[in-house]
Amino acid sequence: MARSLLASVVLAGVAALVVGRVDAQPVTTPAQADAVAPATKAAADAKPTSKSAAKSKTVSKSKTASKSKTASKSKTASKSKKLKGASKSKSASKAKKRSSAKIASKSKKQRSKKATRVASSSRADNMPRGFAWPPSEQMIAASKACESELDELGITWTRAAAEGRIVDPITVPSMELGGILYTSVYRKGPHKLDCHFVHTLAMIGPELRALGVREVRFGSIYRNTNVRVNGVTKNILSRHALGIAMDVNAFVDEYGRVAVVKDDYQLGDPLLLGIEQAINRTGKFRIVLTPKNDPISHDDHFHIEAAVDYTAPMLSRR
Ligand SMILES: [Zn+2]
């Protein structure tokens, strides 16, 4: 009994240590979930197997337990104890396996810290065209061009401190872009975004307005996390970490009606369906992830992200 409690504490401790390294491993919960845009509609519509669903449940449960980094040790221990009770040895061996895998990847990362400065091949899969880290001269030039574009559009913006892999971190004090107000559901601003994302949102504004949208209520923009799709977290850096993606919980129309993705999308809410189509039509965004094409990780929000291309000059993409 005492030994298993000790084991739980050690396991939770290792997990908490790993959680601290957000860059190395994902820490998203399904609620914060994020994903890579599926390449095809067939892929997007593919239903997850019950096996993967069960797996994701176990994983997210154990993540929740390990997430309580700030909670007291005993709380963490009792949580993981509870978790063990729920799905005994299976969950324990899984957690062990995960922990050792994480430790392995951690030491590997430490050994070749310099090499990981440049995006690894698996992470590069989800990066915009022409993306490199640290940013190339081409990317820096593209960012300067973007800033000039914002000035021309009359958008007031402020340079922000570097964070994650945001190429050109800025804030927009008004958070009003293209006639649409962007408000956070969970936290006060300022909200860091990449210049290219600000520009893309400004461009889609008139189309959203034409549909009747006046306000977008978002859960998060910048987050240093990995991609999560169909309940599975992948070893691919999320575009939230680049400041070019946003998770949207609800849209408010000109009459003040709030269309909530979680409640209204499955009911066929015409505003939500119209917004999804409009965004996908522009070609300025990657395919919107919704409760329909990713029911597990996107059951309560739209994931929208700018299709940034650093190899193409800014003006030609307008
Ligand atoms: Zn997202």
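Colleague: Which residues in helix 10 do Ile204, Glu207 and Leu208 in helix 8 meet?
Modeller: This is a predicted model, where local features need pLDDT of at least 70, side-chain atom pairs count only at pLDDT 80 or more, and totals for chains, interfaces and linings use all residues. Residues are numbered from 1 along each chain as its sequence is written. Helices are DSSP runs (H or I, at least four residues; strands are E, at least two), numbered from the N terminus. With contact meaning C-beta atoms, placed from the backbone, within 7 Å, the helix 10 partners are Ile275, Ala278, Ile279 and Thr282.

Colleague: At what angle do helix 8 and helix 10 pack?
Modeller: Helix 10 covers residues 270-282, and its axis sits 10 Å from that of helix 8. Taking lines fitted to C-alpha atoms over the stretch in contact, with angles from 0 to 180 degrees between N-to-C directions, the two pack at about 145°.

Colleague: Where does helix 8 bend?
Modeller: The bend, about 35°, has Pro206 following within four residues. Going by axes fitted to the seven residues ending at a residue and the seven starting there, the spot is Ile204.

Colleague: How far apart are the end C-alpha atoms of helix 8?
Modeller: Helix 8 has 16 residues, 195-210, so at 1.5 Å a residue it should span 22 Å. That expected span is 1.5 Å times one less than the number of residues. The model agrees, with the ends 24 Å apart.

Colleague: Which residue follows helix 8 with a positive phi?
Modeller: Its phi is near 105°. The residue is Gly212.

How values were computed: Two residues are in contact if their C-beta atoms, placed from the backbone, lie within 7 Å.
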